[in-house]
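This report describes a predicted model of one protein.

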Amino acid sequence: MAELRYYDVILKPVVTEKSMEVMAEKKYTFLVNPEATKTQIKEAVEKMFEGTKVERVNTMNNIGKVKRRGMTFGKTAKTKKAIVKLTESSKEIDFFEGM
């Protein structure tokens, strides 16, 4: 497995109603590389968004689902989401600034 750089760890932010609601609690949701660890995710967020300090990282793995169209079977890609909780003293993340 190749070593992941911090800019390869975070793929994109997740923008849904639920993720926008928890932003008030300083929790941010990102789609991350499936091979990334919690430590790598923490370092990537702190490097990409200056002035942020990560308190904890929760991750969830979504396995690829089997899909069918007619007689053809395929599989969707596996993904990994990370919910990052910032400390109270850190500034809020502006997605358009850091990425």
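## Overall arrangement

Read from the N terminus, the elements of the protein chain follow the order α-β-α-β-α-β-β-β-β-α. The chain therefore holds 4 helices and 6 strands. Along the principal axes, the C-alpha atoms occupy a box of roughly 55 × 35 × 20 Å.

The protein chain has 99 residues, of which 31% count as buried.

## The nonpolar core

The largest nonpolar core comprises 18 residues. Those with the most contacts inside this core are Ile 10, Phe 30, Ile 41, Val 45, Val 84 and Ile 93. At least two core residues come from each of β2, α3 (38-48), β3 (54-62) and β6. The greatest contribution is that of α3, which supplies 4 residues.

Val 84 is located in strand β6. Its relative accessible area is 1%, so Val 84 is buried, the limit being under 20%. Apart from neighbours within four places in sequence, Val 84 is in contact with Lys 26, Lys 27, Tyr 28, Phe 30, Ile 41, Val 45, Val 54 and Arg 56. Of these partners, Phe 30, Ile 41 and Val 45 are also listed among the core residues with the most contacts. Val 84 and Arg 68 are separated by 16 residues in sequence, and their C-alpha atoms are 34 Å apart in space.

## The largest pocket

The largest pocket has a volume of about 180 Å³. Two or more of its lining residues are given by each of α2 (17-21), β2 (27-32) and β6 (79-86). The lining consists of Val 14, Thr 16, Lys 18, Ser 19, Val 22, Lys 27, Thr 29, Met 60, Lys 81 and Ile 83. Sorted by class, these are 4 nonpolar, 3 polar and 3 charged residues.

Beyond four places in sequence, Thr 29 touches Pro 13, Val 14, Ser 19, Lys 81, Ala 82 and Ile 83. Within this set, Val 14, Ser 19, Lys 81 and Ile 83 also line the largest pocket.

Lys 26 is placed in the loop between α2 and β2. Most residues other than glycine have a negative phi. Lys 26, although not a glycine, has a positive phi of about 60°. With a relative accessibility of 13%, Lys 26 counts as buried. Lys 26 is also one of the contacts of Val 84.

Ala 36 belongs to the loop between β2 and α3. This residue is buried, its relative accessible area being 2%. When neighbours within four places in sequence are left aside, Ala 36 is in contact with Leu 4, Val 9, Ile 41 and Lys 80. Ile 41 is likewise a contact of Val 84. Ala 36 and Lys 53 are 17 residues apart in sequence, with a C-alpha to C-alpha distance of 19 Å.

## Exposed and partly exposed aromatic residues

Phe 73 lies in strand β5 (residues 72-75). Its relative accessible area is 59%, and Phe 73 is therefore exposed, the threshold being over 50%. From Phe 73 to Pro 13 the separation is 60 residues in sequence and 30 Å in space, C-alpha to C-alpha.

The model contains 2 aromatic pairs. In one of them, the ring centres of Tyr 6 and Tyr 7 are 5.4 Å apart and the ring planes stand at 75°, so the pair is edge-to-face. Tyr 6 is partly exposed, with a relative accessible area of 36%.

How values were computed:
Residues numbered from 1 in each chain as written. Predicted model: local features only at pLDDT ≥ 70, side-chain atom pairs only at ≥ 80, totals over all residues. Heavy atoms only, no water. 1 Å grid on protein atoms, 1.4 Å probe; cavity = no way out; pocket = protein on both sides within 12 Å on 5 of 7 lines; lining within 4 Å. Points joined across faces, edges and corners; volume = space filled by probe spheres on them. Nonpolar A, V, L, I, M, F, W, Y, C, P; charged D, E, K, R; others polar. Contact = heavy atoms within 4.5 Å. Core = buried A, V, L, I, M, F, W, Y, C linked by side-chain atoms within 4.5 Å. Buried < 20%, exposed > 50% of the residue type's maximum accessible area, 1.4 Å probe, protein only. Phe/Tyr/Trp six-rings, centres within 6.5 Å; stacked < 30°, edge-to-face > 60°.
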